[in-house]
Amino acid sequence: MRAHNEIIKLMHKYLDGDLLKEEEVTLRNHLENCEECQSHFHELKRTLTLIQSAENIKAPSNFTENVMKNLPSENKGFKYKRWFKAHPVLTAAAIFFILMFSGVFTQWNQDSELVVSKQENLIIQGDTVIVPEDVTVEGDLLVKNGKLIIKGTIDGDVTIINGELVDEELNGEGLMASVGEVNGELHTVDKMFEWLWYHTKNLFQSIFSLE
Amino acid sequence: MEQFIREKIKQVKKGDQAAYSEVVNVYQHKIYQHCYRMLGNKHEAEDMAQEAFIRAYVNIDSFDERKKFSTWLYRIATNVTIDRIRKRKPDYYLDAEVKGTDGLDMYSQLSTDDPLPNEEVESLELQRYIHSEISKLPPKYRSIIILRYLEEFSLQEISSILDIPLGTVKTRIHRGREALRKRLRHV
């Protein structure tokens with residue numbers, strides 16, 4: 001018969017699933033004949049059953065929150081990046097508007113020269129465009145960064161951007177020397193907002209008029 | 001689940017802190033429970049479980065993605081709790097055992113309004129008693145017994161969690177079982 005210590009080693013090997021076939025026979029034979037080892041083996045197995053019934057507990061409900069609060073602060077750029085990722089449509093819209101307005105903006109700031117749409121028979125004096133009395137302008141007229149004096153007739157829309165329509169009366173030619181005829185709409189654009197509105201309107205008009 | 005965690009860890013490594021909250025969510029109960037079993041009281045368990053998650057976050061770059069994250073996390077939690085046990089001051093917590101009362105803590109001295117049914121009290125008391133006996137084991141045996149029998153890791157897994165050879169794990173688990181047998185034989 002082997003020493004008890006040897007047998008106890010076999011018991012632990014058994015509990016770890018490491019017991020070889022012949023060792024199993026040795027252990028079984030010994031246990032049949034040795035009460036002391038039997039109760040030792042029984043106590044070991046019972047101990048393991050007991051500790052496995054230990055209570056289950058859960059972390060407090062705000063545990064994750066507390067951990068997140070105590071983390072060192074993160075890279076700032078990441079917060080914006082995450083927001084953009086979470087709102088792709090808003091991000092796309094924001095980028096679109098930034099690009100569009102900055103485009104219109106630079107146009108507004110750069111063009112301070114007098115611009116007149118191509119029409120014949122117009123007289124240009126400095127920053128003033130004059131439509132002579134006997135002239136009929138066919139089509140739309142656009143004047144940018146300048147004054148417009150109409151003595152003749154315009155068959156179309158008139159648009160004045162960043163400028164004004166000058167009345168004849170100011171020149172002291174009498175009451176009857178009235179403003180010439182405009183057979184269309186007259187627009188005067190001289191504010192940033194209207195300038196934007198004009199552009200947007202034009203944009204949509206060019207999109208939707210499929211000619 | 002493995003894949004999900006792997007994905008989240010990648011995001012955390014890139015600097016996305018919010019992804020880490022999902023990692024904490026998945027493991028919070030296991031890690032908290034592990035700390036509770038190691039330390040024996042809820043107050044310290046919460047502090048140390050938090051500490052373990054924070055350390056894991058701070059050192060996330062040293063985590064090898066080819067390995068299991070849970071193994072790594074358990075190792076940190078075990079080390080944090082063992083450090084804590086070593087540094088322990090004689091603080092008083094409500095659920096720390098009251099001297100000379102043999103297993104009673106301050107909770108048992110507070111009156112409770114809703115008496116539990118008898119059987120439940122018995123099993124709860126037994127569980128607490130068993131737990132306190134596990135808590136009396138030296139930390140190096142305690143961690144292995146807890147990992148093996150309460151958290152059901154294989155010996156091989158325990159060896160990689162604690163970063164010690166398999167042979168050492170076996171020696172310690174034998175001693176731990178014998179120590180517990182002596183303490184619990186009369187239950």
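Trainee: How many residues does the contact take from chain A and from chain B?
Mentor: This is a predicted model, where local features need pLDDT of at least 70, side-chain atom pairs count only at pLDDT 80 or more, and totals for chains, interfaces and linings use all residues. Residues are numbered from 1 along each chain as its sequence is written, with chains lettered from A and ligands numbered from 1 in the order in which they are written. Two residues are in contact if their C-beta atoms, placed from the backbone, lie within 7 Å. The contact takes 29 residues from chain A and 34 residues from chain B.

Trainee: Which helix of chain A gives the most to the side that touches chain B?
Mentor: Helices are DSSP runs (H or I, at least four residues), numbered from the N terminus. Helix 1 (4-15), helix 3 (35-52), helix 4 (63-70) and helix 5 (76-86) of chain A each supply at least two residues of that side. The most, seven residues, comes from helix 3 of chain A.

Trainee: Is Glu152(B) buried or exposed?
Mentor: Glu152(B) sits in the loop between helix 7 (139-150) and helix 8 (155-162) of chain B. A residue is buried if 20 or more other C-beta atoms, placed from the backbone, lie within 10 Å of its own, exposed if 12 or fewer, and partly exposed in between. Because Glu152(B) has 9 C-beta neighbours inside 10 Å, it counts as exposed.

Trainee: What is the phi of Asp163(B)?
Mentor: Most residues other than glycine have a negative phi. Asp163(B) lies in the loop between helix 8 and helix 9 (166-184) of chain B. Although Asp163(B) is not a glycine, its phi is positive, at about 60°.
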